Amino acid sequence: MVKNILILFLLLLSAAAVLHYRQKEKRLFCRLQNMLDEAIAGTFRDRHLNETPESAFESSLWRYLCDNQAACRQAAVQKAQVQEIISDIAHQSMTPVSNIMLYAQLLGEEMQMAAEKERQPEQVQPAAEKSAQAARREAFLLEGISVITKQSEKLDFLIQSLAKLSRMETGMISVHPAKQCIQPVLDALKQQFGLKAAEKNIRFTVEDSSETAVFDCKWTIEAAANLTENAIKYTPQEGAVRIRVIPYALFVRIDISDSGIGIAQSEQAAVFGRFYRSAKVCQTQGLGIGLYLAREIIRAQKGYIKVSSEIGNGSTFSIFLLRKEMQNETLSQK
């Protein structure tokens with residue numbers, strides 16, 4: 001009899017344990033379902049979770065969903081920024097295109113009028129009047145050429161910005177590093193920026209080098225060009241920009257130094273951020289993607305970029321490239 005009562009008691013205890021476990025499991029699934037519903041709705045709230053394994057699982061899931069929601073918000077913000085920039089570029093491009101077409105038409109009409117006058121019988125005009133007409137025509141032609149040149153440069157900047165934006169958004173950075181001499185990169189920078197530096201009366205020095213490193217020449221030129229363009233842009237007239245190569249045991253370093261406005265210590269990490277622009281340079285033409293792209297290009301080649309700067313004392317951006325190819329690693333990256 002006692003044995004039967006004991007068995008019955010154990011059965012009831014087991015049934016109660018199973019019922020309790022199922023209710024606990026149901027509550028857990030309800031909480032998880034609520035968390036997923038909140039994630040879908042985009043709303044989260046703080047939770048007080050104990051140290052039980054189930055609560056630890058809930059906490060991990062909650063952190064994951066929060067991180068995912070934050071990433072989605074960041075992606076939405078960046079998408080809105082890209083759309084805004086594209087819209088702004090499209091709007092800005094209308095002005096230089098209109099000006100180029102207008103002045104091209106005016107110059108064409110002026111040349112046509114001059115040709116018609118030459119075909120007409122020559123009329124006797126005082127020398128002073130002829131000289132004044134010639135001077136006005138020359139001034140008009142020079143003004144038209146100047147306007148077309150400046151508007152073409154602005155249009156070129158906008159087109160280049162769109163190209164950089166496209167590469168950034170579509171992941172078109174596909175590098176193929178190989179061990180080669182750095183001198184072609186330096187030659188390209190000389191050719192690309194020599195005239196632009198001279199126009200600002202900036203002393204532009206590029207020191208030749210026989211060093212070799214592992215890099216993709218085309219993409220490394222683009223990264224270094226972004227840094228050099230910034231150096232010239234933010235260096236005042238009569239300043240200096242210097243490019244040199246320094247060898248190390250594992251890396252080869254390319255320094256791009258300027259005597260420009262400098263970067264505050266608090267901003268030096270942020271300048272490589274996507275779309276970041278300092279309040280100090282907001283009036284200067286730019287989109288805040290050049291340094292970001294430069295960093296991504298060098299990263300794709302297993303290198304890195306550092307910046308050293310002081311306000312008012314210029315900046316040095318240093319590109320570090322591997323001296324030797326890394327074993328058992330693929331350096332190509334899409």
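Modeller: Val 206 stands opposite Ile 243 in strand 4, and Thr 205 stands opposite Arg 242 of that strand. Strands here are DSSP runs of E with at least two residues, helices are runs of H or I with at least four, and both are numbered from the N terminus. The model is a predicted one, in which local features need pLDDT of at least 70 and side-chain atom pairs count only at pLDDT 80 or more, while totals for chains, interfaces and linings use all residues. Residues are numbered from 1 along each chain as its sequence is written, and side-chain values use heavy atoms, with hydrogens and water left out.

Strand 2 and strand 4 (residues 240-247) run parallel and are joined by four bridges; two strands pair if DSSP finds at least two bridges between them. Strand 4 and strand 5 (residues 251-258) run antiparallel, with seven bridges joining them, and they form a hairpin with three residues between them.

These strands belong to an open sheet of five strands with mixed pairing, in the order 2-4-5-7-6. Strand 2 (203-206) and strand 6 (304-309) stand at the edges with a single partner strand each, so one side of each has no neighbour in the sheet. From one strand to the next, the twist averages 15°.

Helix 4 (residues 183-199) lies across strand 2 and strand 4, and runs at about 175° to strand 2. Axes are lines fitted to C-alpha atoms, for helices over the stretch in contact, and angles run from 0 to 180 degrees between N-to-C directions.

Helix 4 also packs with helix 5 (residues 217-233), at an angle of about 30° and with the axes 10 Å apart. The two helices are therefore roughly parallel, a term for angles under 35 degrees, whereas those over 145 count as roughly antiparallel, 65 to 115 as roughly perpendicular and the rest as oblique. Nonpolar covers Ala, Val, Leu, Ile, Met, Phe, Trp, Tyr, Cys and Pro; charged covers Asp, Glu, Lys and Arg; the others, Gly among them, are polar.

Helix 5 packs with helix 6 (residues 290-299) as well, at an angle of about 150° and with the axes 9 Å apart. Helix 5 is thus roughly antiparallel to helix 6, and passes helix 6 in a left-handed crossing. Trp 219 and Leu 227 of helix 5 and Leu 293 and Ile 297 of helix 6 are among the residues making the contact. Its classes are eight nonpolar, four polar and one charged.

Conventions:
Contact = heavy atoms within 4.5 Å. Left-handed = near helix turned anticlockwise from the far one by under 90°.
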